[in-house]
Amino acid sequence: MRLEVLQIEGFGKFHNRRMEFGSGLNIVYGKNEAGKSTMHTFIKAMLFGLSRKRNKRGESEYDRYEPWKGGSYGGSMELSVAGRRLRIERDFRKDADDLRLTWADTEEVVEAPEETLKKLMGGLTENAYKNTISIGQLEAQTEKGMAGEFRQIVSNLTGTGSSELSYDRAIEYLENKKKELSERTDENAVINYTRRMGRIRNLERELSDPKYENRLPVYTDLRDKMRERLEDISEEKEKLLLKLEKAEGTLSENGFSDMASVDAYEKMSDEAFAEYEKNSKALKNKAKAVFAVALCVLGVLSLAAAGYLFIKALSFPDGFFACSIIIGERIFPAGINGIIFIIAALILIVCGVLMLFRRRSRRLKLRKAEEKLKEIFGAHIGNAEISSASLGALKERLAEFRKLIDAVSRSSKELSDINEELIKLHENRDSCTEIIGNEEKLRAEVEDKLTELNSLKSEAEELKRIIAANNSIKEDIDALDLAKEKLSELSGKIRGSIGIHLNKEASRLIKDVTGGAYDSMDVSDDMEIFLNTENRMVPIESLSAGTMDQIYLALRISAVKLIERGAEKYPLIFDDSFALYDDDRLKMALNSLAKAEADREPRQMIIFSCHHREESFLDQAGIKYNLIRI
Amino acid sequence: MRFIHVSDINIGANPDSDKSWGKERAGDFKDTLKKVVDKAKEIDCDLLLISGNLFCHQPVTRELSEVNLLFSSIPATRVVIVAGSSDRLRKNSSVLSFKWSSNVSCVLGENFEKIKLPALHTTVYAASQTEEKRDIKALIREMSEEAGKEPEYINILLMYNEAYGDEDAEVEIRDIIAGSSFSYAALGGRHEHYELIRERCAYAGYLSPVGMSTPGEHGILVGDISLASKRMPGFDFIKMADIAYIPIRIEINAAVSSDELKRTVAGEIEKRGEKNIYKLKITGKRNPDTVIDFKDLKKRYRIEETVDETEPEYDFSKLFAEHPDDIIGYYISSVMKDNEDRGSLEKRAMYYAVDALLSTERKRS
């Protein structure tokens, strides 16, 4: 799109004024108050109408540009658009702006002029115009207003399609990577580890049960001691038994069994000795024997006397009892005396015989006692002589037997004690062996548990290593997730991003205008501008003013291009934009403008200026331009 | 009197059970002990001191029998064993009722034991670790006092220092031993062999390494104590373990390609021995196209772990210039503008995102 001709019927100070523009660079020169801004406003008013809205001071644009000399208020403007020439005519006097559109080449009046014009402007709104095409004094602050408009523009744009595709592919790539990593992790490691640790804790708890304490050393020690004691006392018992056997043999050989038997033997010996003594004493007394014989002799004599008497008596007629015998002076009845003599004889003989018999029996007894004693003494003292000395010796011997019996009884007691201890020891040993058996069973249990515990610990260690490896993989997975998150956050934002639309063109321009000092830039969503340097993105504020101008310029052109969307190029209108520039800055800016898009179809640029600097610089640089003086 | 001091034999350990060489490693601990026994035979060792952790866990009778069989093959060497932290004595320990070969003394009491070896004119003061917490310093002091009563003997201290790592305690222990009549104090509990007092007190270190936490050489300490001076004129470390765990750190830059890196790694490993086990740590900036992946090397060498701490060296500036108007540029500019220090996670996420964007982009074009 190009501005071709302005025909101002009446607008501010201008009346019936015609102006023609060239296709490339146009310099509109006019001193201050020459009406450059008025002309600028006229162009805008032709495109978008004149606002009747009053500002705070109660002034409206409409009021401001009322023609000074009255008369008609408006005019026309011819544009090259869509390969044709279009004339826009407006009469601001009319209530609603009276817009007429005519195709100038055929003088064909366009129906529905408002809609058509809008359509032809390709979505260029008044605001977009103000912020892009129409450029006031170039100051950083003034650019802030661009942000909202840019955002508006961008929101209507599509064309992040490739980014969306990239996003989908990138996410898929990350997903695949994650899957790959996930396959390398052992998901069951933690649960297996926990299970093993649980089992380990249980086993350790079980093993700490006091019943599993290793008491084997105590009991084997005890058993060994018992075994030793058993051996000792068994030996003792053997010895004792031998001794006993011998003693009992001796005793039984001698016919003794116990103390009573010795007592009885002694008593018997004593009695035999006493008998012996008594009888031998009695037999030694011969008087008694003589006396007994004498008695017998007397008895016989008595009996002879009796016989004599009886014969007498029997021969005496007077009767048996009448017969008397006179012996000396004495007279004795023969019969009675005979009887007396018989009785006496009987008594004497009986006594004498009895005495003799008694003596004989004593002799028998003595012999018996003698035999017995001889036997006793012979058996025990080896001396058959019967004497009290022998008896003494016997008694001494018997005392020895008594001692022996005593010893035997003591030994028997000892033996029975030993037997009792043996029984006890055996019992204890058995119970000890049983305990040891149990302990050994428990030891086997402990060892089984320990073996399991040790292998569980080893497994747990391995799992721990796997978990550590998993964790490091998980960190990678977390990083992948975070990357995904970042990308998705980004893809949400990218649709509204200004940079994505502006960067490419702006970067291309910046490369041109900075002579390659910067090859790319980034416009943030807040319209903050960063320049890509080797190490970081540098905010525009840190650059020199000249560079900033160039960049803003580049950005503007990019923004305009964005609105154009590759269709027709809009003109750029600079309204005293470079007033505050020093010469160097101006040179640079003009250079940039001239260079911008120099390779393609040139863009129409209209620079309003109150200086001649622009002209002389362009002349110096040999850049062609069209000069319009007001 | 010639002795061997060995510690932390760790029979039963299985440190690389999830690796292809795990089985061999599991057998190493017993095999290395066998080498020690052979060494004892070879050098006519009088006394073999084991300062704890003969086993890495509570030993069962089968394990004790195996070890006992080994020791019974050196009847001329007295073996004195104390328990350490891993095989500490418990009330249920099988070792309490184990019958050792006659040349082996295993300390089973809660207090220290005085093991008299008249033939060697030596007394070993030895204490095992039990479940009860013990005051090591007090125990050593007690043993030192007891040993002080018989300075005419070669007095040796043998114990595991479960307080290893407590530096204050270590200084005190050193001072007590320095002032004692011990000719040698054999300590256990430290990973590497270390002389706490020159030619008088040492940790034997682990006989065999158990993983990357125990790098370096591992073996035994051999000493000769003179009967006359009760001092040690000769004291040597002899390497016993065939395998070492070796961390290798390789710094690369963007000029190093994947193949070059692999060649470097292979070279480093060959230089140090193929049987050893390696942990690789790759640092530095890598070319984004360089892949840190040693899958094929892992088939040839024992690489336990690879830690990739490299960062792809993206030229963000260039990338942005190439992608000013798409999601790549959009992302990169957000990264470049963000001057905050990124945590490692954020950093990794960023590289992943860039990688994802770029590699899909490349595929597309």
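Mentor: Let's begin with one residue, M521(A). Keep in mind that this is a predicted model. M521(A) touches N503(A), A506(A), S507(A), I510(A), I529(A), F530(A), L531(A), N532(A) and I551(A), leaving out residues up to four places away in sequence.

Trainee: Which strand is M521(A) in?
Mentor: M521(A) lies in strand β11 of chain A, which covers residues 521–523.

Trainee: Is M521(A) buried or exposed?
Mentor: M521(A) is buried. The cut-off for buried is 20 or more other C-beta atoms within 10 Å. M521(A) has 29 of them within 10 Å, which is why it counts as buried.

Trainee: How far apart in space are M521(A) and E238(A)?
Mentor: They are 118 Å apart, C-alpha to C-alpha. In sequence, 283 residues separate M521(A) and E238(A).

Trainee: OK, zooming out. What are the dimensions of the box that chain A fills?
Mentor: Roughly 255 × 50 × 40 Å for the C-alpha atoms, taken along the principal axes.

Trainee: And how many helices and strands are in chain A?
Mentor: Chain A has 16 helices and 16 strands. Its radius of gyration is 83 Å, while the globule rule gives 25 Å for 630 residues, so chain A is more spread out than a compact globule.

Trainee: What percentage of chain A counts as buried?
Mentor: Of its 630 residues, 29%. As for contacts in chain A between residues at least 6 apart in sequence, 71% join residues at least 24 apart.

Trainee: Now chain B. How many helices and strands there?
Mentor: Nine helices and 16 strands in chain B. The globule rule gives 21 Å for its 365 residues and the radius of gyration is 27 Å, so chain B is also more spread out than a compact globule.

Trainee: What does chain B span along its principal axes?
Mentor: About 90 × 40 × 40 Å for the C-alpha trace. Buried residues are 44% of the 365 in chain B. Among contacts in chain B between residues at least 6 apart in sequence, 72% link residues at least 24 apart.

Trainee: Back inside chain A. How does α8(A) run against α12(A)?
Mentor: The axes of α8(A) and α12(A) come within 8 Å and cross at roughly 160°. That makes α8(A) roughly antiparallel to α12(A). The crossing is left-handed. Their contact has 23 nonpolar, six polar and twelve charged residues.

Trainee: And what angle do α11(A) and α12(A) pack at?
Mentor: About 50°, with the axes 10 Å apart. Helix α11 of chain A covers residues 334–380. At that angle α11(A) is oblique to α12(A), and their crossing is left-handed.

Trainee: Which residues make that one?
Mentor: I376(A), F377(A) and H380(A) in α11(A) meet S390(A), L394(A) and R397(A) in α12(A). By class, the contact of α11(A) with α12(A) has three nonpolar, two polar and one charged.

Note on methods
Residues numbered from 1 in each chain as written. Chains lettered and ligands numbered in written order. Predicted model: local features only at pLDDT ≥ 70, side-chain atom pairs only at ≥ 80, totals over all residues. Helix = DSSP H or I, 4+ residues; strand = E, 2+ residues; numbered from the N terminus. Buried ≥ 20, exposed ≤ 12 C-beta atoms within 10 Å, placed from the backbone. Contact = placed C-beta atoms within 7 Å. Rg over C-alpha atoms; globule rule 2.2 N^0.38 Å. Axes fitted to C-alpha atoms, helices over the stretch in contact; angles between N-to-C directions. Parallel < 35°, antiparallel > 145°, perpendicular 65-115°, else oblique. Left-handed = near helix turned anticlockwise from the far one by under 90°. Nonpolar A, V, L, I, M, F, W, Y, C, P; charged D, E, K, R; others polar.
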